[in-house]
Amino acid sequence: MTGILEARGLGRTLPGERPITLVKGVDLAIEPGCFTAIVGPSGCGKSSLLYLLGLLDRPTEGELLFEGREMSGLSGDERARVRLERFGFVFQFHFLLPEFTALENVMIPMRRLGRLDGEETKARALALLAEMGLEGKEGKTPDKLSGGERQRVAIARALANDPVLILGDEPTGNLDSHNSARVVETLLALAHEEGRAIACVTHDLDIAERADIRIEMLDGRVERIVDNRDTGRAPNA
Amino acid sequence: MIGRFVFLVSIALRHLLRRRRQTVVAVSGVAVGVGFFLAVSALMVGSQNDFVDQLIESAPHIIVSDELRSPSPQPGARVFGDGAVDLHGYKVRTEVRGIKDWSAIVAAADAIPGALASPSLTGGVTLRLGGHEEALAIVGVEPEIETQISTIEDQLRVGRLRDLEKVQGGIIIGEELASRLGVNVGDIVAASTSTSKARSMRVVGLFKKGQAQLSSNSGYVLLREAQSMLGRPFIINRIGIHLSDPYAAERVAARLEQRFGYKAESWQERSSEFLSLLVTRNVIMYSVVSAILLVASFGIYTVVSNSVSDKQRDIAIMRSIGFSERDLQLIFVIEGIVLAAIGVVAGWMLGYLLMEILGSLRFPIAGEEESIPLDRGPRQYAIAAGASFLAGVVAAWLPARKASRVDPVDILRGAV
């Protein structure tokens, strides 16, 4: 297994009188230039796994290596820094900040990072929105945008700081088939053409079929990893 | 770092603009608190300063009198000091009243830079006119010096203190006394003491009514006139000292008393009970004002607290983007600071307005139109701003801690 993000025996248990195991003994690798889909029935722990991979939650067991570096020992601030610089998130419910226009939403991660000056930030945000086919919508607030448009703004925002890894939590879950297909095309292009690593939790069988790697989960465990790429090699063999 | 702060401020401002009504309510709370604090403290401090000025200026800053704090020790005790001296059955020598060696005290006081000493002699006389008899405490002064050390000139309704020098046997008495005797300026009354026969005095001036320090039963005459009338030539029993810095009075008085032995009383000692009353007044004022500001900070707390609970999703998304816990806490604390800042500025304007209104009011007091004494110093503005900011930061910080504790996973999981 060689990946930008690697999990070894990753597990997450909620403490309490009757501890609940969300994720257990997960070994996987997320590779650059590759679209990885995480599938499974509701409650199988696929979202919990995604939060662990996205450094939003801390594992209770196992190791998580990002670019070869162990992540579990990092402080909250350090994890936030990794998310800001290297990760992009796309969620089912878009999660745009309602007070800000589409353009401003895309600019937020860049302004927080502060690497580009104001003009560069704006130019990059406009370019990203244009790439997502959103010319002319820059000045609109989220409530004036359609669901598909919002999700594309969210993808543009996820790309703002040029992340190496994009994590999606049912990114098409709330979209009609037309918009859904468009989002999938976009995500696939980001992996294949730009070499980013993409990992998405999804219910959508179409997405699962088109993914390069499909991770099937059941009851918090990885049941099967299917590699759909032409090489036909069996990962995790 | 500064860029990041500016960015967080812009997010906080967006949040506040979104909830305009709550923002306006919270800001008005602070503004009213600050405004009324300014108005009330201007009144309190102004009247206090006015009152203290009157305390200071109504009489000389230090009064040296011919009294001793303790009787002078017997010669035996003086000579043997701490020895085993036991005296009894001795007869106390009758001391002549009056300040001995007073010119030395006056010279010592005059030697202090900016200080001026005025010797005077007080004593009792009886004024007589027709069937009326009125007891009067007369003060014999040197008008030239006395006018420089006291505000006596301002208390005169008719005449001037110097008029005493122009008229043989001139006397200045209170308006009330004059009306009781039925005399006016230019009229003649008879004055007598227990030791001298009656002599004629001409009224040359009248004090205003209602001056507490100059009771209706005291009158001013020339020093040598008093000395002759009371049969005590060359003697004085009171030295009034005026200082350029009234607050040095206590120190100077103690020094004079130690050096000359006579009781030297500063204005602070004379009015210690009033001054302690002022302390109480200030304590009351500041506790009332703190209560107002505390209530104002509740408004800020409510706004920030609501903002935090409404923005759970936004907090989660910002955390996932890579905002740190501290960033989020700061955003909400900034909201509180912004509310406090706008409130303070609005409150300053309100306070200024209230002071203008109070300052323009005129009240008839003792027949004269008087305006309310107000203190408009920058100190009150600074205190109001400081207290509001402190209250605002604390009120915002409490709910803001909650924002930093939001676990994005809980929110994301709940939303899916």
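Here are legends for close-up views of this predicted model.

Residues are numbered from 1 along each chain as its sequence is written, while chains are lettered from A and ligands numbered from 1 in the order in which they are written. Local features need pLDDT of at least 70 and side-chain atom pairs count only at pLDDT 80 or more, whereas totals for chains, interfaces and linings use all residues.

**View 1. Where chain B touches chain A.** Here 21 residues of chain B are in contact with 25 residues of chain A (contact: C-beta atoms, placed from the backbone, within 7 Å). On the chain B side, two or more residues each come from α1 (2-18), α12 (312-321) and α15 (408-415). Helices (H or I, at least four residues) and strands (E, at least two) are DSSP runs, numbered from the N terminus. The largest share of that side, 6 residues, belongs to α1(B). By residue class, the side of chain B that touches chain A holds 9 nonpolar, 5 polar and 7 charged residues; nonpolar means Ala, Val, Leu, Ile, Met, Phe, Trp, Tyr, Cys and Pro, charged means Asp, Glu, Lys and Arg, and the others, Gly among them, are polar.

**View 2. The two domains of chain B.** Look for domain 1 (2-56 + 274-415) and domain 2 (62-69 + 97-242) of chain B, with bounds from an automatic or database domain assignment. Taken over C-alpha atoms, their centres are 56 Å apart.

**View 3. Strand β1 of chain A and its partners.** β1(A) (residues 5-14) runs antiparallel to β2(A) (residues 20-30), joined by 7 bridges; strands pair if DSSP finds at least two bridges between them. A:L5 has A:I30 of β2(A) as its bridge partner. In this hairpin, with 5 residues between the strands, A:G16 takes a positive phi near 150°. β1(A) also pairs with β4(A) (residues 61-66), antiparallel over 5 bridges, and there A:G11 is partnered with A:E61.

Terms used. Contact = placed C-beta atoms within 7 Å.
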